[in-house]
Number of protein chains: 2
Amino acid sequence: MAAKSLKQVKARPAKPREAATTSREPAAAALIAKRIEEDIVLGRRHPRERLIEQDLSDLFRTHRGDVRLALFELEKKGLVERIPNRGAMVRGLTPLEVREIYAVREELEVLAVRIIPFPVAASDIEKLEELQRQHAAAIAKGEMLNVFYSNLRFHGALFGLCGNACLIETIDLLAQKVYGIRSYANAFPESLDRARRDHLDMIKALRASRRDELIELTQRHLKPSPEAYIRAYEQRFGSAGAGGLPLP
Amino acid sequence: MAAKSLKQVKARPAKPREAATTSREPAAAALIAKRIEEDIVLGRRHPRERLIEQDLSDLFRTHRGDVRLALFELEKKGLVERIPNRGAMVRGLTPLEVREIYAVREELEVLAVRIIPFPVAASDIEKLEELQRQHAAAIAKGEMLNVFYSNLRFHGALFGLCGNACLIETIDLLAQKVYGIRSYANAFPESLDRARRDHLDMIKALRASRRDELIELTQRHLKPSPEAYIRAYEQRFGSAGAGGLPLP
DNA sequence: CGCCTAAAAATTGTTTACAATATAGTTTTC
DNA sequence: GAAAACTATATTGTAAACAATTTTTAGGCG
């Protein structure tokens, strides 16, 4: 307990805290977490690679406290594994985990699409088209980091239309868990092109208020990544005991 | 300093890193986060109350580093709000947030129940009955902390039957976000009793493999808590602009 | 009397140093 | 010569001190 000050809750009449909406900087540690995430996404850091606090502190020109924080955050996100007194390493996902995550993702994303209020405002459609153009441009130029982020923005805007903040947040959370495995599908140019065309079709369905078509597109859009990852995994480690779908 | 000679338990001559799946202790910081969570759940800490690092360090007999970590974790969970350079405080949820969270919870929990493989093994049913008895006993004795945890265990076991680890984890995550508001419903003894009876009915439905009934129970079981919270909230702050359901 | 300004206190954010623990390498012993 | 014990090194975990920021308090001025 504090020795002198116990003025925990100050009931100030004329000072609404709501005004303190200072959306400050993302707290340094979050930035570092993001950068490490990026490295994992792009395959610059591969599973089982160790993440040493001091190295990262030097690299990001900060102190170990923030790096530590970032590593704990990434652990909770499921992107790295941390063993007490031993350190952190990039975590590899098993095919089973990937299947389970994608099964839940599919349910949530379909749910989001199901509750989007139709018709969608023209301004929202235009916004999606703009994001789609950015995505296509990044693909054309082969800028993988941009492909990654523009794709993220497109889906963020799409699911954002559903209006339920908690649902959006949860969808993002699950997407983050499998950031790392996208590089497997994105290695093939035809996968990128298919994603691009899917986005176009989604916009078309949105504009025509064809919900069933949009749902089907959403489901189809999620298939290639886990499949590519699992194929690569089984080719690398053997395909023993890989059957069993978690959701019917 | 190395006075211990037999402590060295390195039974690994080479370097089989794969075997190092030692699930160690919950890392101190996680424990602190849990304790604070508990305080919030039981109403011992109320919204807008400040959480000061040094105070908590003294209270939990540890250093600020761990407390800091815990506060960041709780922030990400949505239980506390942190403003840079100003500190952390217990976060109060708006009715809208509560509605949105419960809407997604309902979808996820129904999903889990929908994919439970039927029939359920007798041993699983017995396990649920045992947990139900613990819950009932805790209610009878008025041990609120025990009520909380035994309820948690019951639902954990129930949804655990669905077999999808990611889904279970996500359900837990959303449940955690609204831990704090349960105290509103649990203040009424009749709410506790109704929860108890719901659990009994769920077990009955499980045993009889009546899925539709189980789904309906799951949905009904989620209703009282947010309703009680929102009533209390509107009574306290006025009910301006509270309409609008996030999910149809 | 209220409001603005400036010192003081309280709190968070950062840096550094140190201790505990695990890993790797070397020596000893049978 | 191989396995166990020891030493050395690397890395994480903890503690304390320092700096930066914010909040409170007090005082002066209109």
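The model is predicted: local features need pLDDT of at least 70, side-chain atom pairs count only at pLDDT 80 or more, and totals for chains, interfaces and linings use all residues. Residues are numbered from 1 along each chain as its sequence is written, while chains are lettered from A and ligands numbered from 1 in the order in which they are written.

**Exercise 1. Describe the make-up of chain A.**

Step 1. Count the elements. Chain A has 11 helices and three strands. Helices (H or I, at least four residues) and strands (E, at least two) are DSSP runs, numbered from the N terminus.

Step 2. Read along the sequence. The pattern is α-β-α-α-β-β-α-α-α-α-α-α-α-α.

Step 3. Check burial. A residue is buried if 20 or more other C-beta atoms lie within 10 Å of its own, exposed if 12 or fewer, and partly exposed in between; C-beta atoms are placed from the backbone. Of the 248 residues in chain A, 33% are buried.

**Exercise 2. Work out the strand order and pairing of the sheet in chain A.**

Step 1. Two strands pair if DSSP finds at least two bridges between them.

Step 2. Order the strands. The sheet of chain A is open, with three strands in the order S1-S3-S2 and antiparallel pairing.

Step 3. Zoom in on one pair. S2 (residues 80-83) and S3 (residues 87-90) of chain A are joined by four bridges. Ile83(A) has Gly87(A) as its bridge partner. Three residues lie between these strands in the hairpin, where Asn85(A) takes a positive phi near 65°.

Step 4. H3 (residues 64-77) of chain A lies across S1, S2 and S3, at about 115° to S2(A). Axes are lines fitted to C-alpha atoms, for helices over the stretch in contact, and angles run from 0 to 180 degrees between N-to-C directions.

**Exercise 3. Why is one side of S1 and of S2 in chain B left without a neighbour in the sheet?**

Step 1. Take the order. Chain B has an open sheet of three strands, S1-S3-S2, with antiparallel pairing.

Step 2. Find the edges. S1 (50-51) and S2 (80-83) of chain B stand there with a single partner strand each, so one side of each has no neighbour in the sheet.

Step 3. Check a pair. S1(B) pairs with S3 (residues 87-90) of chain B over two bridges. Arg50(B) is bridged to Met89(B).

**Exercise 4. Is Ala33(B) buried or exposed?**

Step 1. Locate it. Ala33(B) is in helix H1 (residues 29-41) of chain B.

Step 2. Count. Ala33(B) has 23 other C-beta atoms within 10 Å, so this residue is buried.

Step 3. List partners. Beyond its neighbours within four places in sequence, Ala33(B) is in contact (C-beta atoms, placed from the backbone, within 7 Å) with Ala70(B), Glu73(B) and Leu74(B).

Notes: Two residues are in contact if their C-beta atoms, placed from the backbone, lie within 7 Å.
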